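Here's a quick walk through how one protein model packs on the inside. Have a look at the sequence and the fold, then read on.

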Amino acid sequence: MENDMVHVRIPASSANLGPGFDCIGVALNMYTEISMGFIEEGLLIEVSGEDYKEIETTEDNLVYKAAKKVFEKTETQYEGLKIEIKNGIPIGSGLGSSAAAIIGGMLAANELAGSILTHEEILDLAASMEGHADNVGPALNGGLNVTVFDGNTTYYIKKELGEELKFIAFTPKKFLKTEIARNILPQKIDFKDAVFNTGRSSLLTAALFSRRYDLLKIASQDMLHQKYRSKLIPEMYACFEKALEAGAYSVFLSGAGPTIMAICSEDKVDKVIERVGSVYTGMEIDYRVYKLHCENNGAQVSKVSLSV
């Protein structure tokens, strides 16, 4: 039978941008699409697209878990649920695939529940599920997001970025679980490293807001997480060096990795791809390149009619 379903398109995101650990992220024009609707009984999850074999089709599915939180919070009763996922974001890559799943599941469920939760309530619920808002913020809002999540409420400022900034993602064909990338981080850091990152993250925000792209090379430096995660990503520093040599404004580990992200102008794109690509080929690492820009609109919700 034909059933009205909610359709959500959610952008990928890159978090940290170097020093902005767990608090700075940007939405990118790579998308996962999720459709959801009520059915007579049971749970039916269909998955296609990028890394679809890695996505659960049971109650362990992240989209379903996110939707369930919304249904519970809104006290929505239903007999069965159908979820269709067209995944466009590589899994375990540092490009916000989990944030897209969470935001998509929550927005779709909220629409089915009658749009009870506000935009801010969705963001707070998603940040609570993720533990921070650096990816879920831009996935929901679009643009560059500077966020602080205090455990209950997300405070954020959004800034739209122009397409003159190109985000070149180098994604090796290997998974890196965020849990592993987090566990390698130390429990304590040196005071000088904290001061280093405070200055860089402040400069990074100011540079992006004021379009001082010439400052991004310095502003994207980091001492909190990248040097530790380089043990899991041996090609990282060589890629950094080649990207900057090719004229990139900045280069950093995207989220927890293993994707390495370079920001550059249009005229530097080909050179950056060539130089950084030589590192992967030289180390015999299979990889993909995505030429992206900032997605300023965020997640988009619409209604569709699909067969059940």
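A nonpolar core here means a set of buried Ala, Val, Leu, Ile, Met, Phe, Trp, Tyr and Cys residues joined through side-chain atoms within 4.5 Å. Keep in mind that this is a predicted model.

With that in hand, the largest nonpolar core has 63 residues, and the members touching the most others are Met-36, Ile-83, Ile-103 and Phe-167. Helix H2, residues 97-112, is the top contributor to this core with 9 residues. There's also a second, separate core of 24 residues, with Leu-176, Ala-181, Val-269 and Ile-273 among them.

Now for a charged residue. Glu-235 sits in the loop between helix H8 (226-229) and helix H9 (236-245). Is Glu-235 buried or exposed? Its relative accessibility is 0%, so Glu-235 counts as buried.

| Residue | Contacts |
|---|---|
| Ile-83 | Ile-34, Ser-35, Met-36, Leu-44, Ile-45, Glu-46, Val-63, Tyr-64 |
| Glu-235 | Pro-172, Lys-174, Ile-260, Val-279, Tyr-280, Met-283, Ile-285 |

Next, the helix pair. The axes of H9 and helix H10 (residues 269-282) come within 8 Å and cross at roughly 160°. That angle is over 145 degrees, so H9 runs roughly antiparallel to H10. The H9/H10 crossing is right-handed. On the H9 side, Ala-238, Cys-239, Lys-242, Ala-243 and Glu-245 make the contact, while H10 brings Val-272, Arg-275, Val-276, Val-279 and Tyr-280. Sorted by class, the H9 to H10 contact holds 7 nonpolar residues, 3 charged ones and no polar ones.

Terms used. Residues numbered from 1 in each chain as written. Predicted model: local features only at pLDDT ≥ 70, side-chain atom pairs only at ≥ 80, totals over all residues. Heavy atoms only, no water. Buried < 20%, exposed > 50% of the residue type's maximum accessible area, 1.4 Å probe, protein only. Helix = DSSP H or I, 4+ residues; strand = E, 2+ residues; numbered from the N terminus. Contact = heavy atoms within 4.5 Å. Axes fitted to C-alpha atoms, helices over the stretch in contact; angles between N-to-C directions. Parallel < 35°, antiparallel > 145°, perpendicular 65-115°, else oblique. Left-handed = near helix turned anticlockwise from the far one by under 90°. Nonpolar A, V, L, I, M, F, W, Y, C, P; charged D, E, K, R; others polar. Lists of a residue's contacts leave out its neighbours within four places in sequence.
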